[in-house]
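Let's take a walk through a protein model together. Keep the picture in view and follow along as we go.

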Amino acid sequence: MGQKYSVTVQETGLVFSCADDQAVLAAMIHAGFGPVNHGCCGGGCGVCRMRIVDGRWEAFKTMSRAHISEDDEKKGILLLCCVQPRSNLTVARIN
Ligand code: FES
């Protein structure tokens with residue numbers, strides 16, 4: 001297992017740990033308090049669409065442009081099943 005980072009959920013202040021070789025969504029589900037439903041985990045359904053408001057990340061799977069536009073990506077709006085942390089992160093729900 002690689003380096004571990006903390007991920008904070010902005011709305012609740014809850015914190016969980018995510019390894020740099022783990023999808024943020026998988027870690028959130030494992031921690032048992034993800035604000036998102038369990039979806040396809042493959043970048044296709046859009047259920048895990050959230051915003052990373054702080055921190056560095058890397059996409060290890062292709063995010064469907066049907067769910068994440070280039071503009072979204074610039075704003076940190078991402079599919080959490082497709083990204084891994086490269087620093088501590090803060091994530092937020094998109095309303
Ligand atoms: S869970 Fe389906 S796109 Fe992330």
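First, some ground rules. This is a predicted model, so local features need pLDDT of at least 70, side-chain atom pairs count only at pLDDT 80 or more, and totals for chains, interfaces and linings use all residues. Residues are numbered from 1 along each chain as its sequence is written. Helices (H or I, at least four residues) and strands (E, at least two) are DSSP runs, numbered from the N terminus.

Now find strand S1 (4-9). In a regular strand the side chains alternate between the two faces of the sheet.

Which strands does S1 pair with? Two strands pair if DSSP finds at least two bridges between them. S1 pairs with strand S2 (residues 15-19) in the antiparallel sense, over five bridges. Across that pairing, Tyr5 stands opposite Cys18, and Ser6 stands opposite Ser17. The two strands make a hairpin with five residues between them, and Gly13 in the turn has a positive phi of about 75 degrees. S1 also pairs with S7, this time in the parallel sense over three bridges, and there Thr8 stands opposite Thr90.

Next, head for the core. A nonpolar core is a set of buried Ala, Val, Leu, Ile, Met, Phe, Trp, Tyr and Cys residues joined through C-beta atoms within 7 Å. The largest one here has 23 residues, and Val24, Leu78, Leu79, Leu80 and Val91 touch the most other members. Two or more residues each come from S1, H1, S3, strand S5 (77-79) and strand S7 (89-92). H1 gives the largest share, four residues.

Last stop: the loop between helix H1 (24-31) and strand S3 (49-54), where you'll find Cys40. Cys40 is partly exposed because 13 other C-beta atoms lie within 10 Å. Its C-alpha atom is 8.5 Å from that of Cys81, 41 residues apart along the chain. Cys41 is in this loop too, and Cys41 is partly exposed because it has 18 other C-beta atoms within 10 Å. Most residues other than glycine have a negative phi. Cys41, though not a glycine, has a positive phi near 60 degrees.

Note on methods. Buried ≥ 20, exposed ≤ 12 C-beta atoms within 10 Å, placed from the backbone.
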